[in-house]
Amino acid sequence: SVFVIPNVFTPNGDGVNDELKVIYENIESFSGFIANRWGEILYDWKSIDTGWNGRTKGGLLAPEGTYFYVITATGSDQVEYNTKGSFHLGR
């Protein structure tokens with residue numbers, strides 16, 4: 001099993017890299033969230049097949065900057081992942 005979180009994405013409506021999605025293989029369970037620098041949760045992940053579109057829970061565009069993720073996942077090989085990190089949102 002493996003999963004990778006991109007370190008930058010650009011939700012600017014050009015059809016390229018408009019959603020932050022996890023690149024993965026053989027993941028059986030997954031949950032996580034994205035927060036801003038003040039710890040406000042902007043997006044909750046319930047499925048690894050979905051991604052964040054760069055908007056707040058209220059539907060506003062999140063400003064450019066650094067955001068943080070916390071992810072828990074389990075692979076089909078029973079490897080457990082507890083990952084924290086950051087990425088850049090550019091427009």
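Author: Strands (E, at least two residues) are DSSP runs, numbered from the N terminus. This is a predicted model: local features need pLDDT of at least 70, side-chain atom pairs count only at pLDDT 80 or more, and totals for chains, interfaces and linings use all residues. Residues are numbered from 1 along each chain as its sequence is written, and side-chain values use heavy atoms, with hydrogens and water left out.

Reader: Why does Val 4 count as partly exposed?

Author: Its relative accessibility is 41%. Buried means under 20% relative accessible area, exposed means over 50%, and partly exposed lies in between (1.4 Å probe, protein chains only). Val 4 has 41%, so it counts as partly exposed.

Reader: What makes Val 2, Val 4 and Ile 23 a nonpolar patch?

Author: Patches are made of residues with over 30% relative accessible area and no salt bridge; nonpolar side chains (Val, Leu, Ile, Met, Phe, Trp, Tyr) are joined within 5 Å, like charges within 9 Å. Val 2, Val 4 and Ile 23 form such a patch on the surface, with about 240 Å² of accessible area together. Accessible areas come from the Shrake-Rupley method with a 1.4 Å probe; for residues, only the protein chains shown count as cover.

Reader: Why is the pair Glu 19 and Lys 21 called a salt bridge?

Author: A salt bridge is a side-chain nitrogen of Lys or Arg within 4 Å of a carboxyl oxygen of Asp or Glu. For Glu 19 and Lys 21, the closest N and O atoms are 4.0 Å apart, and the pair is counted as a salt bridge. Glu 19 is partly exposed at 34% relative accessibility. Lys 21 is partly exposed at 37%.

Reader: How many salt bridges does this rule give?

Author: The count comes to two. Asp 44 and Lys 57 also meet in a salt bridge, at 3.0 Å from N to O. Asp 44 lies in strand β5 (residues 41–45) and Lys 57 in the loop between β5 and β6 (65–75), so the pair ties together parts that are 13 residues apart in sequence.

Reader: Are Asp 44 and Lys 57 exposed or partly exposed?

Author: Asp 44 has 31% relative accessibility, so it counts as partly exposed. Lys 57 has 59%, so it counts as exposed. Gly 58 lies in the loop between β5 and β6. At 69% relative accessibility, Gly 58 counts as exposed.

Reader: What makes Tyr 67 and Phe 87 a stacked pair?

Author: The structure holds nine aromatic pairs. The ring centres of Tyr 67 and Phe 87 are 6.2 Å apart and their planes stand at 25°, so the pair is stacked. The rule: rings of Phe, Tyr and Trp (its six-membered ring) pair if their centres lie within 6.5 Å; planes under 30 degrees apart count as stacked, over 60 as edge-to-face and the rest as tilted. Tyr 67 lies in strand β6 and Phe 87 in strand β7 (residues 80–89), so the pair ties together parts that are 20 residues apart in sequence.

Reader: Which residues touch the most other members of the largest nonpolar core?

Author: They are Phe 3, Phe 30, Ile 34, Trp 45, Trp 52, Tyr 67 and Phe 87, in a core of 21 residues. The elements that give two or more residues to this core are β4 (27–35), β5, β6 and β7. β6 gives the most, with four residues. A nonpolar core is a set of buried Ala, Val, Leu, Ile, Met, Phe, Trp, Tyr and Cys residues joined through side-chain atoms within 4.5 Å.

Reader: How do you know that Thr 74 is buried?

Author: Thr 74 has a relative accessible area of 18%, so it is buried. This residue is found in strand β6. Leaving aside neighbours within four places in sequence, Thr 74 is in contact (heavy atoms within 4.5 Å) with Ile 27, Glu 28, Ser 29, Val 79 and Glu 80.

Reader: What makes the phi of Asn 17 worth a remark?

Author: Phi of Asn 17 is near 60°, a positive value in a residue other than glycine. Most residues other than glycine have a negative phi. Asn 17 is found in the loop between β2 (8–9) and β3 (23–25). Gln 78 also has a positive phi, near 70°.
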